[in-house]
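Subject: Structure handover and notes

Dear colleague,

Please find the structure below, followed by my notes on what was found in it. I would be glad if you could read the two side by side.

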Amino acid sequence: MTRKRKLVLGFAAAAGLVAAGLGTWVSLNAAELRATWAARQVRTAAADERAAAADRLVALGEPGLKKLVELVRSPDAPTRAASVAALDRYLGGLPDGDPRAVTAGGQLLDAFPALDAAGQQAVLELVPVVLKKAGSAHVAKCRAVVATGLRMPEPATRVFTTRLAMHPDVQMRGELVPLLAAPEGEVRRAALFAVAAAEGEPLIGDEELFHYLHDPDDGVRKVCRDALVGRDRTETEIGLGRRLTDPDPLERLKLLLDLRYDDDVADPDPWLERLSRDPEPAVRAGAARVAIEVATERQLLVPVWLARVSDTDSDGTVRRVARFFRKQAAARTDQQFKQVGAP
């Protein structure tokens, strides 16, 4: 055998080995290759064909789903939307608790931190179906995703995430309280609805809730009023609460006069006690005076909270006014006792 023939046979054998190895590699990675090709079709398909291309990717099983999750990261909005819609359809068609839903949901949530804002918003939209189909498998990851969504700059995203925070498995209503100070009315509205809901333990009390009756957004004011009605507050009480929290101190001073002379309020003491903690010293002093006058006129005991105002109020004038009227009330009481006990 000549040297040339030996070289030809050697090259032929090597080529055969390479071809065999390549064939083996292709056979072992056929599913991955099909998924890669299908993912390319999703990116390049015409608008009316993109959804079908995404569904074909789902049909390839685990390799296709991994590629679909990767496409959620795409900067191309139509590709990302088609991928999210296909995942939504896929997860929605699985039985609750299906292991495939657990796997796909976990992959989505794991991809969330590395996504841009649009990709993160896309994953947020899939959290409800992940919670439904994967059960409690990814609750901690869902909470982390929700916490991020509540801090995102887009108002619509924060409103949507507010609803996710109310989910019975997520239970993050407490994290919504800072959103009550959001500059956007729609965000405040969603947060107030969540934290002031009649169902479950309210996260803010009635007195704090009264402040939102003055919110510049009409929707926030309506949510506030509905919440108060849900707490069995009457129209009279809601009106008093609005005046109690009026930003103008002159309006709060007018409320003192109505509590003193208006017989429609059967028990003014709780409202006077709230006014005794008003930020305006004149209102606090007026609350102390009116409380003593009402107690004297109706022959009631002087309210206990007056001791706090007369002894510990931060303003010296308020303390002196409260002490003066307390002494007058005590003197009248002593005189009445003397008259009753006289021979």
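Leaving aside its neighbours within four places in sequence, which residues is L91 in contact with? With contact meaning heavy atoms within 4.5 Å, the partners of L91 are A101, A104, L108, V129, V130 and K133.

Before going further, please note that this is a predicted model, in which local features need pLDDT of at least 70 and side-chain atom pairs count only at pLDDT 80 or more, while totals for chains, interfaces and linings use all residues. Residues are numbered from 1 along each chain as its sequence is written, and side-chain values use heavy atoms, with hydrogens and water left out.

The chain has 18 helices and 0 strands, both taken as DSSP runs numbered from the N terminus (helices H or I, at least four residues; strands E, at least two). Of its 343 residues, 41% count as buried, a term that stands for under 20% relative accessible area, against over 50% for exposed and in between for partly exposed (1.4 Å probe, protein chains only).

L91 also belongs to the largest nonpolar core, where, of 86 residues, L91 and L192 touch the most other members; such a core is a set of buried Ala, Val, Leu, Ile, Met, Phe, Trp, Tyr and Cys residues joined through side-chain atoms within 4.5 Å. Helix α7 (residues 117-134) gives the most to this core, with 9 residues.

In the loop between α6 (99-111) and α7 lies L115, which is buried, with a relative accessible area of 8%. Not counting residues up to four places away in sequence, L115 touches V72, R73, Q120 and V123, and its C-alpha atom is separated by 9.6 Å from that of P75, 40 residues apart along the chain.

Helix α4 (residues 62-71) is largely enclosed by the rest of the structure, because 7 of its 10 residues are buried, namely P63, G64, L65, K67, L68, V69 and L71.

As for cysteines, C142 is buried with a relative accessible area of 1% and C224 with one of 0%, while a search of the whole structure finds 0 disulfides, a disulfide being a pair of cysteine sulfur atoms within 2.5 Å.

Finally, among contacts in the chain between residues at least 6 apart in sequence, 56% join residues at least 24 apart.

With best regards
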